[in-house]
Amino acid sequence: MIQVENVSKRFTLHNQGGAELEVMRGAHLGVAPGECVALVGASGAGKSTLMRMIYGNYLAASGTIRVGELDVVTARPREIIALRREVLGYVSQFLRVVPRVPTRDVVAEPLLALGRPAEEARARAEALLARLNIPQALWELSPLTFSGGEQQRVNIARGFAHDYPALLLDEPTASLDATNRGTVLSLIEEAKARGAAIVGIFHDTEARARVCDREVDVSGFAPRVS
Ligand SMILES: Nc1ncnc2c1ncn2[C@@H]1O[C@H](COP(=O)(O)OP(=O)(O)OP(=O)(O)O)[C@@H](O)[C@H]1O
């Protein structure tokens with residue numbers, strides 16, 4: 001479902017005289033439906049960079065990144081937008097939302113964007129918010145003033161609203177209490193059971209051991225200095 005082949009990445013630092021920083025060469029990764037793969041490696045090894053390339057936020061310098069039928073490296077912006085709407089979900093560490101939009105609508109939005117009936121989208125959003133222990137009194141409010149952990153749970157609810165065939169998870173259990181952490185791990189297990197292909201960064205080693213089938217050490221993709 002997710003197939004990364006021979007990917008390299010260079011950053012051009014425009015504010016530092018155009019210096020070129022090569023951070024990855026020959027990256028490979030394959031994730032089958034129903035599988036969860038953890039990206040591991042020391043800080044700065046390139047875990048986030050690889051995840052952002054799969055999502056199409058960073059452009060790979062070479063190689064292919066297939067998600068379903070689409071090669072993200074050569075895809076047009078319109079195709080990336082459709083991929084993100086239908087196929088590839090991304091739970092980032094931080095919630096980014098438009099001000100004044102109620103929490104329930106923030107969570108329902110991915111389903112509405114797919115043309116699902118408003119009633120169904122709302123019901124799904126409410127079920128997820130309840131499961132993640134967001135008090136009902138907060139559903140009508142914007143999540144911008146919520147606590148860090150509440151915002152993270154709203155972000156997770158939004159990321160799991162649609163049953164994406166592929167999911168990217170950036171530290172989904174960071175800063176959660178034991179109960180909510182358990183709920184998030186159950187959501188991940190349920191996504192795997194319905195066939196989602198998942199790539200995740202988990203500094204929480206117990207969480208990683210519970211939900212991930214394999215680890216891929218991105219340090220192995222560091223460019224060799226010759
Ligand atoms: N936008 C950017 N511009 C320039 N360099 C970048 C950019 N993003 C990442 N890098 C560099 O790429 C390398 C990999 O960074 P990345 O954030 O992917 O590592 P990581 O493994 O996710 O680290 P951590 O575990 O600390 O989050 C680092 O040397 C970093 O400085």
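The model is a predicted one. Ile-201 belongs to strand E8, which covers residues 197-201.

Leaving aside residues up to four places away in sequence, Ile-201 touches Leu-39, Lys-47, Ser-48, Met-51, Asp-170 and Glu-171. Between Ile-201 and Ala-157 there are 44 residues in sequence and 18 Å in space, taken from C-alpha to C-alpha.

## Helix H1

Helix H1 spans residues 47-55. Seven of its nine residues are buried, so H1 is largely enclosed by the rest of the structure. The buried ones are Lys-47, Thr-49, Leu-50, Met-51, Met-53, Ile-54 and Tyr-55. Two of these, Lys-47 and Met-51, are also among the residues that Ile-201 touches. Just after H1 comes Gly-56, with a positive phi of about 90 degrees.

## Surroundings of the ligand

The shell around the ligand consists of Phe-11, Leu-13, Leu-21, Val-23, Gly-41, Ser-43, Gly-44, Ala-45, Gly-46, Lys-47, Ser-48 and Thr-49. Strand E1 (2-13), strand E2 (19-31) and helix H1 (47-55) are the elements that each give two or more residues to this shell. H1 provides the largest share, three residues.

By type, the shell holds five nonpolar residues, six polar and one charged.

## The nonpolar core

In soluble globular proteins, nonpolar side chains tend to be buried together. Here the largest nonpolar core contains 62 residues. Those with the most contacts inside this core are Ile-2, Ile-54, Val-107, Ala-157, Ala-166 and Ile-198. H1 gives the most to the core, with five residues.

Ala-166 is one of the residues with the most contacts in the core. With residues up to four places away in sequence not counted, Ala-166 touches Met-1, Ile-2, Val-67, Val-87, Leu-88, Ala-196 and Ala-197.

## Helices H3 and H5

Helix H3 covers residues 103-113 and helix H5 covers residues 148-159; their axes lie 7 Å apart and the helices pack at an angle of about 30 degrees. Angles under 35 degrees count as roughly parallel, and H3 and H5 are therefore roughly parallel to each other.

On the H3 side, the contact is made by Thr-103, Val-106, Val-107 and Pro-110, which meet Val-154, Ala-157 and Arg-158 in H5. The residues of this contact divide into five nonpolar, one polar and one charged. Val-107 and Ala-157 are also among the residues with the most contacts inside the largest nonpolar core.

Methods: Residues are numbered from 1 along each chain as its sequence is written. This is a predicted model: local features need pLDDT of at least 70, side-chain atom pairs count only at pLDDT 80 or more; totals for chains, interfaces and linings use all residues. Axes are lines fitted to C-alpha atoms, for helices over the stretch in contact, and angles run from 0 to 180 degrees between N-to-C directions. Helices (H or I, at least four residues) and strands (E, at least two) are DSSP runs, numbered from the N terminus. Angles under 35 degrees count as roughly parallel, over 145 as roughly antiparallel, 65 to 115 as roughly perpendicular and the rest as oblique. Two residues are in contact if their C-beta atoms, placed from the backbone, lie within 7 Å. Ala, Val, Leu, Ile, Met, Phe, Trp, Tyr, Cys and Pro count as nonpolar, Asp, Glu, Lys and Arg as charged, and the others, Gly among them, as polar. A residue is near a molecule or strand if its C-beta atom, placed from the backbone, lies within 6 Å of it. A residue is buried if 20 or more other C-beta atoms lie within 10 Å of its own, exposed if 12 or fewer, and partly exposed in between; C-beta atoms are placed from the backbone. A nonpolar core is a set of buried Ala, Val, Leu, Ile, Met, Phe, Trp, Tyr and Cys residues joined through C-beta atoms within 7 Å.
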